[in-house]
Amino acid sequence: MRLITRTLVFCILACLANCAPAPAVDNPDEGMSLLDRCQGVAFDAITPDEKGNHFFFRGTHLWKGFDGPAQRSNEFFHNLGNIHVDAAFRMHNREDPKSHDHIYLFQGHRVSSYYNHTLEEGYPKDIQEEFPDVPNDLDAAVECPKGECTTDSVLFFKGDQVHSYDIATKTVKIKTWPHMPTCMSALRWLEHHYCFHGHNFTRFHPVTGNVTGAYPKDARRYFMKCQDLGHGGGYTTPKCSEVKLDAITTDDSGKSYFFAGPIYMRLDNSRDGLHAFPISRAWKEVANVDAVFSYADKMYFIKSNQVYIYKGGAHYILIEGYPKSLTEELGIEGDVDAAFVCPNQHAVHIIQGDRMRAVDLIATPRVVTEDHQLPLSDIDAALCDSDGIKLFKGSDYYHFENVRILTTGRLALEPKKIDSKMMGCRD
């Protein structure tokens with residue numbers, strides 16, 4: 001696939017102006033409704049709700065989303081009272097639908113559970129009644145799903161201690177991360193964990209507390225829209241008519257990714273906000289791609305004549321010995337335009353020009369088992385899921401129910417337009 005690609009960068013959080021350090025405030029509630037968070041506000045708590053709206057708490061007020069004015073917290077969370085929120089998180093517990101996606105707000109020794117901004121019956125409760133051995137007067141809290149942590153967990157921060165709470169066993173392990181700043185609030189966003197301190201934040205590993213990269217960073221550049229302080233370089237969400245993909249895939253855990261130029265974006269967690277990241281952030285050895293497909297808990301990246309295979313999980317790890325040549329790994333030669341594997345199948349379909357070849361992923365060495373001419377060429381990306389096969393070409397895509405219909409070419413080709421629901425672009 002030729003990479004003359006209009007870089008598809010979705011900077012939902014792109015910021016647009018300069019800000020100054022926050023002035024000292026004797027009463028944190030005084031004038032909160034007029035306070036601009038771009039002045040450098042330190043948040044008491046941060047959490048998304050079940051719909052993906054983010055709430056930033058300070059004093060008895062909050063901000064909804066990444067821009068807009070402060071409003072009283074009890075206007076959104078009724079029965080909250082006029083007391084500030086110490087910590088907040090959104091529960092991840094698919095085993096218990098009664099608590100999954102509920103918001104928990106902590107105030108002193110009390111905790112309240114909300115769903116759809118409505119206080120659940122029986123709340124507030126004492127913290128230890130709901131979360132045994134978790135201390136009162138917390139500094140911060142954040143969820144940590146299984147895969148990112150060993151089990152579905154919640155991290156509670158107080159001073160220099162981190163109380164790791166196992167949701168299933170209701171047990172706590174206490175950790176200390178002396179290299180970490182004291183977290184005043186915390187947030188899990190797009191499978192990464194962030195500790196907020198002052199108007200800065202530090203990204204950390206939720207199991208080890210390790211910090212990699214240049215931190216701290218100014219939260220105003222990433223988690224709110226502030227004039228001239230954005231990290232997005234002024235990029236805006238492109239029109240759907242301008243979308244051009246290099247690759248698209250869904251892995252075995254249901255995570256959906258698309259790739260364009262040097263960036264990628266997750267599609268399956270769009271409720272928490274769409275955002276573009278450099279490909280090399282998640283797959284360090286790859287900067288751009290020709291094709292990507294997923295198989296057996298691994299992701300295969302094809303770039304030029306090289307194949308990179310990454311083991312799946314919360315974080316992708318390049319398998320030792322890779323990259324390998326396209327010929328050695330898949331038994332084919334030449335430029336690859338797109339590739340896909342259908343659910344519960346063991347063959348990858350490689351598209352090259354107007355040809356599609358099926359490669360048996362069980363056979364060693366790999367062998368081409370089928371070779372078909374396609375009814376169209378110059379495909380940019382391809383995806384096969386429970387809905388069938390989609391071939392992407394520019395801002396259009398073609399849908400086929402299965403491989404047989406695609407390769408026989410018996411149906412008239414009727415392109416469909418990529419829309420905002422599919423890609424988060426502007427219609």
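Which residue in strand 33 is the bridge partner of Leu391? In this predicted model, the partner is Tyr398. Residues are numbered from 1 along each chain as its sequence is written. Because the model is predicted, local features need pLDDT of at least 70 and side-chain atom pairs count only at pLDDT 80 or more, while totals for chains, interfaces and linings use all residues; side-chain values use heavy atoms, with hydrogens and water left out.

Strand 32 (residues 388–393) and strand 33 (residues 396–400) are antiparallel and share five bridges. Strands here are DSSP runs of E with at least two residues, helices are runs of H or I with at least four residues, and both are numbered from the N terminus. Two strands count as paired if DSSP finds at least two bridges between them. Strands of a sheet pair through backbone hydrogen bonds, either parallel or antiparallel.

Another open sheet of four strands has the order 10-11-12-13, and its pairing is antiparallel. Strand 10 (140–144) and strand 13 each have a single partner strand, so one side of each lacks a neighbour in the sheet. On average, neighbouring strands of this sheet are turned by 20° against each other, direction ignored. For such angles, axes are lines fitted to C-alpha atoms (for helices over the stretch in contact), and angles run from 0 to 180 degrees between N-to-C directions. Within the sheet, strand 11 (residues 153–158) and strand 12 (residues 161–166) run antiparallel and are joined by six bridges. Phe157 has Val162 in strand 12 as its bridge partner.

The structure holds four disulfides, a disulfide being a pair of cysteine sulfur atoms within 2.5 Å. One of them is formed by Cys144 and Cys149, with sulfur atoms 2.0 Å apart. This link is right-handed, with 100° about the S-S bond. Both Cys144 and Cys149 are buried, where buried means under 20% relative accessible area, exposed over 50% and partly exposed in between (1.4 Å probe, protein chains only).

Another disulfide joins Cys183 to Cys195, at an S to S distance of 2.1 Å. The pair links distant parts of the chain, twelve residues apart: Cys183 lies in the loop between strand 13 (171–176) and strand 14 (185–189), and Cys195 in strand 15 (residues 192–197). The link of Cys183 and Cys195 is left-handed, with -120° about the S-S bond. Cys183 is buried because its relative accessible area is 3%, and Cys195 is buried at 0%.

Cys342 and Cys384 also form a disulfide, S to S 2.1 Å. Here too distant parts of the chain are linked, 42 residues apart: Cys342 is in the loop between strand 27 (338–340) and strand 28 (347–352), and Cys384 is in strand 31. The torsion about the S-S bond of Cys342 and Cys384 is about 100°, so this disulfide is right-handed.

Two residues other than glycine have a positive phi of about 70°, Asp133 and Glu191. Asp133 is in the loop between helix 2 (127–130) and strand 10 and is exposed, with 61% relative accessibility. Glu191 is in the loop between strand 14 and strand 15 and is buried at 17%.
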